[in-house]
Amino acid sequence: MKTIIKNCRVFNSDKSVIYIDDGRFADEFSENEADEVIDAKGATVLPGLVDMHVHFREPGYEYKETIATGSAAAAKGGFTSVCTMPNTFPVCDNAAVVSGILKKAEQAGLVRVYPIGAAGKGLESEELAEIGLMKEAGIVAVSNDGKPIATSGFMRKVLEYSADFDIPVLNHEEDPTISGGAMNEGEVSTSIGIRGCPTAAEDIMIARDIILSEYLNIPVHICHVSTKGGLRMIREAKARGVKVTCETCPHYFTLTDSSCENYDTNFKMHPPLRSEEDRLAVIEAIKDGTVDCIVTDHAPHHQDDKEVEFSHALNGIVGLESSFALCYTYLVKPGIITMERLMDLMCYNPSSILKLGRGGMDKGDDADLTLMDLENEFVFEKDKMLTKGRNTPFDGWKLYGETMLTMMKGKKTYEKLC
Amino acid sequence: MGLKSKDLLGMKQLTPEEIMEILDTAKTMKLVISSANKKTSHLQGKSVVTLFYENSTRTRLSFELASKYMGSASANISATGSSVAKGESLLDTARTIDSMGTDIIIMRHPQSGAPHSIADKLKASIVNAGDGMNEHPTQALLDMLTMYERFDKFEGKNIAICGDIYHSRVVRSNAIGLAKLGAKVSVYGPRTMMPIGIEKMGVRVASSVEDCVKDADAVMGLRVQLERMKSSLFPSVAEYAKFYAITPEALKLAKPDAFLMHPGPCNHGVELPTAVYDCEQSVINEQVTNGVAVRMAVLYLLMARRNNL
Ligand SMILES: [Zn+2]
């Protein structure tokens, strides 16, 4: 199978045509030899995006999302690789569940799925999960995401044991003894009478993990940072040479807790939307390199889990189909960061932290790519999403960066029908 | 005449003019309550349902009497002994009540924002009778009516509120409503029960009961829930009574004609010494009467809005 994409701009290159042969980037060949010639109409070819933090809900919660529907959403968002968090039912804390996820992902065939295993059995902070056996089955990291690794003692064991297998540890940062609210604690939570979750809950855990990482000299990756204080500590730790990396999400630089004023549960997630001061700090940290990755924390929920009282609603929003456009519109277009930096955040850095080996666009590399229209504004509509979830706060937003086409190993995984 | 919105969700949603209209109407309604024949036809042919997900004696009774005095058909639903207990969602329950032709649903719910989350989806008017820690607008309105009967304007008046500020929807509604009419609210309570950022709501956080009450035109005590001790918000009743109660000595620091309010039910000897509860300045029993009057006014004005449409 030979494919040509012509009339395109190519990221980090002056080429205007891409040649794909047998699923790999190839040298030039003639249009006559091609099985398909795609006219990109001036759109931009980017390396396939990598999202190291998604929730696909299968096994166990297929009514929210399946691996197949999540994969379709990923492809539509321009992603060719995603890492799935282990808070499924049963929990992905053993090799059998890992194998099951990989099998389903292969059947769907729309995105590379790299499972993340639980750090503790049952996502508890009591006994280590079988990290070695799960690595053999295919995990690329461990995390108890959804929950923090609750005690310092257990976190130390997870870091040490995972290091034996060269498996990165990703931690959801939240001190449960001071957390417990349904939104950010501050003037908005006080005004609308919702119990708040303080930034201190996140900052205390980030501080602990930096201390352990430095003490043990073992890398740690901080999930979805939302606070000014957390980012400041990560920045300082990096400057000292601590092996700490971190991620944030598009909602933390586009939204604040004032969006919760009308109790709309599509603005409820964990960590919660913070203050304007935190939002600006997230942008600053994206700009200065403190943030390594932008992830979606894609968390589909059924409407029955969201159309309820604010405090009862489950945490999380979907994100795969809006992430790139939000990043492009709010970070690259206004000139806060370059497209090169965005590709570090959305492709190269997550790939290197988890050693996925993705993002290559040289001859012989797997043709994982996405074609983005960066010129024309489009309206993001929730009813056009491919995820089963409808829990997005971005319905109706006008954005730039609509996906035209996504290919994984030269195979079309998404194509916008014109 | 009438309210702008279909619902009364909170003081946040009312304009100063609407608040004054409710208070003026309530003054008229109070005449009905004190008359021998407590009957008007303001809600004739209307149906009113109270939907309470939390126990309440006085608020519920107050609403029931208000709607009965005005001639409405009324029914009551409690969270226990109904489909609510069988796990039906709030929205489904509310839609069912709505479909039966209900004009007004009076709702109390332990979750903040619960009435807001259903109001737009129903034809009936929703009256918030207390949602979680958010608002209790008719309580604030009855408190304000009690004040309004004693001073002709709110502007520049000092209102002191002492107690568990964090969990109190009464404080939130009063702070918002009083600020809209130009009064100055001071609050005081244990720091463990003082929500972060409360100053941003336009209230002053005092440094002691005395500081809070000093020069006040009206003083309000709040019920402290004794189970808060278990969550380490205060150590004991004795300690609370000693450091946070409104004592007779503290009350002397208020303006000479100041009066004392409490939304009830009161823990005697905890937030208020019994001597204070029963003191000359106490208007606590009158607040109860005013509660019925204010609720009559609210129900009437919500229906008057409909007739205007
Ligand atoms: Zn998380």
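This is a predicted model: local features need pLDDT of at least 70, side-chain atom pairs count only at pLDDT 80 or more; totals for chains, interfaces and linings use all residues.
Figure 1. B:Glu286 is partly exposed, at 28% relative accessibility.

**Figure 2. The interface of domain 1 and domain 2 of chain B.** The domain assignment of chain B places residues 11-136 + 288-308 in domain 1 and residues 137-285 in domain 2. The C-alpha centres of these two domains are 25 Å apart. Contact involves 35 residues of domain 1 of chain B and 28 residues of domain 2 of chain B. Between them the domains bury about 2600 Å², and carbon and sulfur atoms account for 64% of this area. On the side of domain 1, B:Met11, B:Met133 and B:His136 supply 28% of the area buried against domain 2, more than any other three residues.

**Figure 3. Polar and charged pairs between the domains of chain B.** The interface of domain 1 and domain 2 of chain B holds 2 salt bridges. B:Glu54 and B:Arg169 form a salt bridge in which the closest N and O atoms are 2.9 Å apart. The elements giving two or more residues to the domain 1 side include helix H2 (58-69), strand E3 (104-109) and strand E4 (125-131) of chain B. H1(B) gives the most to this side, with 9 residues. The domain 1 side comprises 15 nonpolar, 10 polar and 10 charged residues.

**Figure 4. The contact between chain A and chain B.** Chain A contributes 16 residues to the contact and chain B contributes 21 residues. The area buried between the chains is about 1500 Å², with 54% given by carbon and sulfur atoms. In chain A, the residues that lose the most area to chain B are A:Thr190, A:Tyr263 and A:Glu309, together 37% of what that side buries. The interface contains 1 salt bridge; the side chains of A:Glu187 and B:Lys200 meet in a salt bridge at 3.3 Å, N to O. Between chain A and chain B, 9 residue pairs are in polar contact, both residues at pLDDT 80 or more. Helix H5 (residues 187-192) of chain A provides the largest share of the chain A side, 4 residues. That side divides into 4 nonpolar, 7 polar and 5 charged residues.

**Figure 5. Salt bridges within chain A.** Over all chains, the whole structure holds 39 salt bridges. The side chains of A:Lys76 and A:Glu321 form one at 3.9 Å, N to O. A:Lys76 lies in helix H1 (residues 67-76) of chain A and A:Glu321 in the loop between helix H10 (303-306) and helix H11 (323-332), so this pair ties together parts that are 245 residues apart in sequence. A:Glu321 counts as buried, at 11% relative accessibility. A:Asp292 and A:Lys238 meet in a salt bridge at 2.7 Å, N to O. A:Asp292 is in the loop between helix H9 (276-288) and strand E16 (293-294) of chain A, and A:Lys238 is in helix H7 (residues 228-240), so the pair ties together parts that are 54 residues apart in sequence. A:Asp292 is buried, with a relative accessible area of 13%, whereas A:Lys238 is partly exposed at 24%.

Definitions and conventions. Residues are numbered from 1 along each chain as its sequence is written. Chains are lettered from A and ligands numbered from 1 in the order in which they are written. Side-chain values use heavy atoms; hydrogens and water are left out. Contact means heavy atoms within 4.5 Å. Buried area is the accessible area (1.4 Å probe) that two parts lose on being put together, summed over both. A salt bridge is a side-chain nitrogen of Lys or Arg within 4 Å of a carboxyl oxygen of Asp or Glu. A polar contact is a pair of N or O atoms within 3.5 Å; within protein, one must be able to donate a hydrogen and the other to accept it, and residues adjacent in sequence count only if both atoms are side-chain atoms. Ala, Val, Leu, Ile, Met, Phe, Trp, Tyr, Cys and Pro count as nonpolar, Asp, Glu, Lys and Arg as charged, and the others, Gly among them, as polar. Domain bounds come from an automatic or database domain assignment. Buried means under 20% relative accessible area, exposed over 50%, partly exposed in between (1.4 Å probe, protein chains only).
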